Amino acid sequence: DLKANPRAAATFVWTPLHRQVRFEGEVSAVDDATADTYFALRPRGAQVAAHASRQSQVVTREHLEAVYTQLSSEFGDDEIPRPDHWGGWRLVPHMVEFWQGRPNRFHDRIRYRLDQGSWVKERLSP
């Protein structure tokens, strides 16, 4: 879907602090070297899981765990290569909003948006 529509949004939420940051922007696939470097930094179990998973396909838990166990055994102590289907995306924001929850839903919202190469700071109504 990102290839067809290279725009995305991401939100990081810190519920106990009543804060969040939201980004919107253009996305592009990272190159193989960047994906390889990031994959190598992931915990070994997460690397095996990346091979075992066919993300979002329907599967039973038992099958998923059996595949994970089999792959763990096959990889042994060897370095685990990045699967062909595993990569990453880089989001370059054109908008960032900082949200701070306040009593009575009278929240603080500060937005930065890119306008002709310059960032514009705006306060938004809650």
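These questions and answers go through a predicted model of one protein.

Reader: In what order do the helices and strands run from the N terminus on?
Author: The protein holds 3 helices and 5 strands. From the N terminus on, the elements run β-β-α-α-α-β-β-β.

Reader: Is the protein a compact globule or more spread out, and what is its radius of gyration?
Author: For 126 residues the globule rule gives 14 Å, and the protein is well over that, so it is more spread out than a compact globule. Along the principal axes, its C-alpha trace spans about 55 × 35 × 25 Å. The radius of gyration is 20 Å.

Reader: What share of the 126 residues is buried?
Author: The protein exposes about 9600 Å², with carbon and sulfur atoms supplying 51% of that area. A residue counts as buried under 20% relative accessible area. Of the 126 residues, the buried share is 20%.

Reader: What part of the contacts with a separation of 6 or more comes from residues 24 or more positions apart?
Author: Contact here means heavy atoms within 4.5 Å. Among contacts with a separation of 6 or more, residues 24 or more positions apart account for 49%.

Reader: Which residues make the nonpolar surface patch of about 330 Å²?
Author: One member, Leu17, sits in the loop between β1 (7-14) and β2 (19-29). Leu17 counts as exposed because its relative accessibility is 53%. The patch of about 330 Å² is made by Phe12, Trp14 and Leu17.

Reader: Are the rings of Tyr38 and Trp86 stacked or edge-to-face?
Author: The structure holds 4 aromatic pairs. In the pair of Tyr38 and Trp86, the ring centres are 5.9 Å apart and the planes meet at 15°. Planes under 30 degrees apart count as stacked. The pair of Tyr38 and Trp86 is therefore stacked.

Reader: How many residues apart in the chain are Tyr38 and Trp86?
Author: Tyr38 lies in helix α1 (residues 32-41), and Trp86 lies in the loop between α3 (61-75) and β3 (89-100). The pair links distant parts of the chain, and the separation is 48 residues.

Reader: Which residues do ring pairs link into a cluster with Trp86?
Author: Trp86 pairs with Tyr38 by their rings. Ring pairs make a cluster with Trp86 out of Tyr38 and Phe39.

Reader: Is the pair of Phe98 and Tyr112 stacked or edge-to-face?
Author: Phe98 lies in strand β3 and Tyr112 in strand β4 (residues 108-115), so the pair ties together parts 14 residues apart in sequence. Phe98 is partly exposed at 39%, and Tyr112 is partly exposed at 28%. With ring centres 6.0 Å apart and planes at 90°, the pair is edge-to-face.

Reader: What is the distance between the closest N and O atoms of Arg22 and Glu24?
Author: Side chains of opposite charge can pair when their charged atoms come close. Arg22 counts as partly exposed at 29% relative accessibility, and Glu24 as partly exposed at 25%. Arg22 and Glu24 form a salt bridge, with the closest N and O atoms at a distance of 2.8 Å.

Reader: Which residue in the loop between α3 and β3 pairs with Asp32?
Author: Asp32 is in helix α1, 50 residues from its partner. Asp32 is exposed, with a relative accessible area of 54%.

Reader: Which residues are linked in a network of salt bridges?
Author: A search of the whole structure finds 11 salt bridges. The residues linked in a network are Arg111, Arg113, Asp115 and Glu122.

Terms used
Residues are numbered from 1 along each chain as its sequence is written. This is a predicted model: local features need pLDDT of at least 70, side-chain atom pairs count only at pLDDT 80 or more; totals for chains, interfaces and linings use all residues. Side-chain values use heavy atoms; hydrogens and water are left out. Patches are made of residues with over 30% relative accessible area and no salt bridge: like charges are joined within 9 Å, nonpolar side chains (Val, Leu, Ile, Met, Phe, Trp, Tyr) within 5 Å. Accessible areas come from the Shrake-Rupley method with a 1.4 Å probe; for residues, only the protein chains shown count as cover. A salt bridge is a side-chain nitrogen of Lys or Arg within 4 Å of a carboxyl oxygen of Asp or Glu. Helices (H or I, at least four residues) and strands (E, at least two) are DSSP runs, numbered from the N terminus. Buried means under 20% relative accessible area, exposed over 50%, partly exposed in between (1.4 Å probe, protein chains only). Rings of Phe, Tyr and Trp (its six-membered ring) pair if their centres lie within 6.5 Å; planes under 30 degrees apart count as stacked, over 60 as edge-to-face and the rest as tilted. The radius of gyration is taken over C-alpha atoms; the globule rule is 2.2 Å times the number of residues to the power 0.38.
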